[in-house]
Amino acid sequence: MHERLPVLLAALWWGSLTTLGALVVPLLFAYLPMPAMAGNMAARLFAAQTWVSVVCGLLLMVISRPKGDVAQYPWARAAMLFILGGMLLAVLVQFGVAPRIEARQNLRLWHSAGSVMFGLQWLCALMVLCCTAGQKTSSPSAAHAASSFSHRAARRGKGDEATAAGRPLRGVY
């Protein structure tokens, strides 16, 4: 289960952004009687989405490396920039853009900025999902050790059964 957790977190993050932006908010504006009501409800939902994004990103960062290991999992090395970028965009929209929209300051500019930043956050979450979905389950140090061992054995011409002393390994498959 632990090896599937990054994919589940990334899917939750990306799926919640997709559902909110492509389905829920448009439905609010289509079915609530006044645009102001829809806007207020959308603002609350976007605030909740900010915390979903931050929690998913933080949890992904926490599980990005094996316990006691310095090296990150391969999926984490590929996804870390997108995790940080998505979290930063979520916080900027919530605390930088949303207050200006609620204060009705230059609505066209701030709605556009918020929409672009939400779209960029969606792309970051999608990239994190792609990185985690293609993950390898072994730890980075184990993968490095196995790779290093097979390179040493190949240089000696002894195949995969050679050890540093040149004796065959027993009981290791």
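Helices here are DSSP runs, H or I, of at least four residues, and they are numbered from the N terminus. This is a predicted model.

I'll start with a loop. Arg104 sits between helix 3, residues 74-102, and helix 4, residues 107-133. Its phi is positive, about 60 degrees, and Arg104 is not a glycine. For background, most residues other than glycine have a negative phi. Arg104 has a relative accessibility of 61%, so it counts as exposed, the cut-off being over 50%.

Asn106 is in the loop between helix 3 and helix 4 as well. Asn106 also has a positive phi, about 40 degrees, again without being a glycine. With a relative accessible area of 49%, Asn106 is partly exposed.

Which residues of helix 2 are buried? They are Ala38, Ala42, Gln49, Thr50, Ser53, Val54, Cys56, Gly57 and Leu60. As a general point, an α-helix has 3.6 residues a turn, so residues three or four places apart point the same way. The cover over the buried residues of helix 2 includes helix 1, helix 3 and helix 4.

Now the largest pocket. Its space comes to about 740 Å³. The lining is made of 29 residues, and those nearest the centre of the pocket are Gly39, Ala43, Phe46, Ile101 and His111. Two or more lining residues come from each of helix 1, residues 5-31, helix 2, residues 35-62, helix 3 and helix 4. Which element gives the most to this lining? Helix 2 does, with 11 residues.

By class, the lining of the pocket splits into 16 nonpolar, 11 polar and two charged residues. Gly counts as polar in that tally.

Last, the start of the chain. Glu3 lies in the segment before helix 1. Is Glu3 buried or partly exposed? Glu3 has 39% relative accessibility, so it counts as partly exposed. Glu3 and Thr132 are 129 residues apart in sequence, while their C-alpha atoms are 9.6 Å apart in space.

That is where I'll stop.

Definitions and conventions. Residues are numbered from 1 along each chain as its sequence is written. This is a predicted model: local features need pLDDT of at least 70, side-chain atom pairs count only at pLDDT 80 or more; totals for chains, interfaces and linings use all residues. Side-chain values use heavy atoms; hydrogens and water are left out. Buried means under 20% relative accessible area, exposed over 50%, partly exposed in between (1.4 Å probe, protein chains only). On a 1 Å grid over the protein atoms alone, a cavity is a set of points where a 1.4 Å probe fits but cannot get out, and a pocket is an open set with protein on both sides within 12 Å along at least five of seven lines; lining residues have an atom within 4 Å of a point. Grid points are joined across faces, edges and corners, and a volume is the space filled by probe spheres set on the points. Contact means heavy atoms within 4.5 Å.
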